[in-house]
Amino acid sequence: MALEASNVINTRFLTTDFVNACAETLITKYMLLTPADMEKWEDDPEGWANAIDSENWEFELRPCAEITFMSLLTQYRDQLCPILLNLVEKVANVTSFQDLLFKDAVYAAVGLGVQSIYGRLDFETFLVNRLIPEISQKGSGLKILHRRIAWLLGRWVNEGISADSRVAIYQGLLELMVSEDDMVVRLTAAHSLRQAIDDWDFEISILLPYLGPAMDLLLKLLNEVEESDTVMKLISDLNTIADRTGEHMVPFAPKIIDLLMPHWQRAEDNPLFQSALVKAHVYLLEDVLDLWWTLLQTAPNSTSQLLSMLPAAIGLLEYDTEGLRKTLKIIESYVLLDGQITLQQGALQLFSGLASYIGSSKVEVAASISYLGETALQSCPVEVYGEALVQSGLLGNILNVLIQDELYAHAIMSYMTLFARLAICDAHFLLNYLRMASQQMPSTTPDDFVGLILDRWMDKFDNIGHPRTRKLNCIALTNLLRTFDPVVLARLPYLMAVWIDILAEVNDAEEE
C-alpha cells in the first residue's frame, strides 16, 4: 500500500514539470529578502544579522522555503541542477534593486545546494570571473549582494578548492570586512573567514600574508559591536582562528586582551552575558597566554617585537583573572630573556602590579608573586630598578603585612622573600629604605623602626618551611650584618641562633 502510494505521488503529483516549477517558485518568490527584512537590517544591523543566523524553519517562511528547496535539490539533483545553473547565468548582469533581491536568492540556492551542484558548477572559475569582481563593485544597494557573497564564500571554501582560489577568498573576505562597509556585510565576512581557516585543507603558509590585516579588521569589528550575541560570535571566531594559527597569533595577544577586558567589565550588568563570556573569555585568554609563553620559551633572545608586547603582559596584572599564574610566567620569561631591558622599560608598572597582590592570604598567590619579584631583583643591578621599587609601593605593602601580622605566617614570610633577596643584592639600599619608611611612623625613630622590622623578621624565621627559603633568609640577615650597621650588630645573638639552626639542618641533610 505504501509503495503504491509512493508511486502515485511520484508519477502523478511530483512530475518533472511540477518539481521544476516548484523549485523556481521557491527561489523567485519565497527565498527573497522582504521589505521587513530590509527595514530591520537598516534599523538594527546586529540584531538582524543574529536573527538571520538563528531562524526557525518551522515558523519562518523564507527558512522553510530554503529547507524545502534543499530537499528537492537533493532528491532531484540531475533534474534541477541545470535549472539552477541557468538562473546563475540569468542574473549575471542585473542592476535594479528587485533584480538584486532575485540574485541574492539565486546565490542563496547555490550556497544551500553546494553538496548537490559540486562538480557541476565550476566554482573556481565562478569565483574569479564573477564573485571577486562583484565584491569590488560599489553602490548603496549592493550591500545585499556583498553580504550574500560573503556567506557564499563561507559555504564553498571547504569544498577542496585550490590554493590560488583560497587566496582569492581571503582577499575577497578582507575587502568585505573594511570599516567603510555595512555592519551586516562585515559580520558575515568575519564568520566566513573563520570557516575558511577552520578547514581540513587549511595551510598556515597561505594565510600568513593576510593574518595581520585579518586580525586588525576582526578586532576593530569586535570593538564596534554592541550586542552580547554578536560579541560572543566574534569571540568564538577568534578562538577558532587562534587555535588554527598557533604561535602566529601571539603578536596580536595584547590587542585581543585590551579588547576583551572592556567587554568583561560591561558584562557585569548582564549576568547571562557574563556567564557566557566567562567561558569564551577564559578559553581564548588561555590559548593566547599559552602561545605567548611558548614563544618566549623558545626565543633565543629578546627582540623588539617581543618587547613591544611587554606592556600588555604587565597590564594583565590589573585584572585578577584565572590566567594570573600564566601571566606571571610570561613576565618571568621576559625577565629571564633580558632582565635589564625588561626592567628599564617596565619596572615601575611591574612592581606596581605586583604590589596590588601583596596582602593576599592565598599561599599560592603569595608564592607566585614573590618568586617573580625575586627573579626580577636578581636579574640586574639595583641601580636599574631601585627608584621604581620604592615608588611602586611594593616594599611598603610588604612592610605593612609584616607589621600588621594578620596573615598566616607562611604567607607573610613568602612576601618577606623579596626583602631577603634585596638584602643580598644591596644591603645598604634596604636599610636606607627602612629608615626612610620610618618617617611614616612619627612615634618611632629610624633606628627603632629598623630594629622592629629585624625583630619581626627573625621572630618569623621558624615559620619558614622550605630549606632553600630558610637559607636565603639566613644569608640575607648575614649580609645585613656585613654593613656594620649598629642596629643590625645589636641583633647578633639572635642571628647566631639562626646560624646554628641552619648549620644543623645542613649537617642533617649531608648525613642523609
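Visitor: Is the crossing in which H24 passes H25 left-handed or right-handed?
Guide: This is a predicted model, in which local features need pLDDT of at least 70 and side-chain atom pairs count only at pLDDT 80 or more, while totals for chains, interfaces and linings use all residues. Residues are numbered from 1 along each chain as its sequence is written, and side-chain values use heavy atoms, with hydrogens and water left out. Helices (H or I, at least four residues) and strands (E, at least two) are DSSP runs numbered from the N terminus, and a crossing is left-handed if the near helix is turned anticlockwise from the far one by less than a right angle, and right-handed if clockwise. By that convention, the crossing in which H24 passes H25 is right-handed.

Visitor: At what angle do helix H24 and helix H25 pack?
Guide: Axes are lines fitted to C-alpha atoms, for helices over the stretch in contact, and angles run from 0 to 180 degrees between N-to-C directions. Helix H24 covers residues 427-437 and helix H25 residues 446-459; their axes are 8 Å apart, and the angle is about 115 degrees.

Visitor: How are the rings of Tyr-107 and Phe-126 arranged in their aromatic pair?
Guide: The pair links distant parts of the chain, with Tyr-107 in helix H7 (residues 97-112) and Phe-126 in helix H9 (residues 123-136), 19 residues apart. Buried means under 20% relative accessible area, exposed over 50% and partly exposed in between (1.4 Å probe, protein chains only); Tyr-107 at 0% is therefore buried, and Phe-126 at 7% is buried too. The ring centres are 5.8 Å apart with 85 degrees between the planes, and the arrangement is edge-to-face.

Visitor: Why is the pair of Tyr-170 and Tyr-210 described as it is?
Guide: Tyr-170 and Tyr-210 are both buried. Because their ring centres are 6.1 Å apart and their planes stand at 45 degrees, the pair is tilted.

Visitor: Over the ring of which residue does the charged end of Arg-148 sit?
Guide: A charge sits over a ring if NZ of Lys or CZ of Arg is within 6 Å of the ring centre and within 35 degrees of the ring normal. The charged end of Arg-148 is 4.7 Å from the centre of the ring it sits over, which belongs to Trp-151.

Visitor: Is Glu-134 buried or exposed?
Guide: Glu-134 lies in helix H9. Leaving aside neighbours within four places in sequence, Glu-134 is in contact with Ala-92, Lys-103, Tyr-107, Leu-145, His-146 and Ile-149. With a relative accessibility of 3%, Glu-134 counts as buried.

Visitor: What is the phi of Asp-405?
Guide: Most residues other than glycine have a negative phi. Asp-405 is found in the loop between helix H22 (394-404) and helix H23 (409-425), and at 37% relative accessibility Asp-405 counts as partly exposed. Lys-460, in the loop between H25 and H26, is in contact with Asp-405, among others. Although Asp-405 is not a glycine, its phi is positive, at about 55 degrees.

Note on methods. Phe/Tyr/Trp six-rings, centres within 6.5 Å; stacked < 30°, edge-to-face > 60°. Contact = heavy atoms within 4.5 Å.
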